[in-house]
Amino acid sequence: MERCFFTADVHLGAGGRKATRKVEKRFVDWLDFAAENGATTIFLLGDIFDFWFEYYTAVPKGFVRTLGKLAELTDKGIKVVLFTGNHDMWTVGYLKNECGLEIYKKPKTMYIAGRKVFIAHGDAIGVRNPITIFMNWMFRCWVCQQLCRIFIPIGVMMRGGKIGSWCSRNIHIFYAVGKFFAKIWRFFITKIWGPFIARICKKQKNNIKRPRLIRYAYNKALKDKDIDDFIFGHIHLAQDYPSPELNLVGEPHVVTLGRWDVAENGEAYGSYAIMDDTGKITLKEYPKDTLPKDKSSN
């Protein structure tokens, strides 16, 4: 019987040491939970690590609980599939060779429980902003990665990576600041560069709203009408789209996974989804949806 678990955006290493440890322990508990509840495949849809850059003879320190648990699960015959995200795309074989993960660096369509499912992290699809397109290309460029490994010491790379990861997770701050200065800029030069600046700001505004994954799914489904489901991570928002926008192509359905974090009460939690052997996908929160009803509010 096929039973698949999906999660994304754990961001191990983000925040302080105490918060990171809480999230990691909760994530490892969830991996055990998935295995105990009949998982045949566990899909990790990117950004499991807040920053992961492998050298050929060294990997980032830490995360031993997670790495050990992943190796344990694959040793037991449970398939673990990683779709790399924009924070952990720089793997060159350690996770595959030592932990037994099956790794994909691009979106992929798979047949699961009799359904055709399009799976991706979601950071590099449907992007229109030319700056973002260039950065995605540069970060994924094999030559650029090799130059980094040759010329940047591992300590410098790890510190720089943490700063870059923080910027990526808090990009909305930079958008807000940019939008403020854009208004001032338009006020002073609207008579000279008005039409040009307006077009640029409009493009930026469209990119901020983040419905692009839905638009991408819509366009993809028009080309491939056999796709039944789309599953994405990246946007840190757990939502299940019953797809009123996609009803022209037979109601394919879009699921976006939330992130893992520490709540105000100090407890770590995470978002995940289950696909059962009938092909039904259900969004859940761990550990909330695993507790008895009389304890779930504690």
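Q: What makes E1, helix H1 and E2 a right-handed β-α-β unit?
A: In this predicted model, strand E1 (residues 4-7), helix H1 (residues 17-36) and strand E2 (residues 41-44) form the unit. A crossover is right-handed if, with the strands pointing away from the viewer, the path from the first strand over the helix to the second runs clockwise. Helices (H or I, at least four residues) and strands (E, at least two) are DSSP runs, numbered from the N terminus.

Q: How do you know that E1 pairs with E2?
A: Two strands pair if DSSP finds at least two bridges between them. Four bridges join E1 and E2, so they pair, and they run parallel. Thr7 sits opposite Leu44 in E2. E1 also pairs with strand E11 (residues 268-275), antiparallel, again over four bridges, with Phe5 opposite Ile274.

Q: Why is Cys99 called buried?
A: Buried means under 20% relative accessible area, exposed over 50%, partly exposed in between (1.4 Å probe, protein chains only). Cys99 comes in at 4%, so buried it is. Cys141, at 15%, also counts as buried.

Q: What do the values rest on?
A: Local features need pLDDT of at least 70, and side-chain atom pairs count only at pLDDT 80 or more, while totals for chains, interfaces and linings use all residues. Residues are numbered from 1 along each chain as its sequence is written, and side-chain values use heavy atoms, leaving out hydrogens and water.
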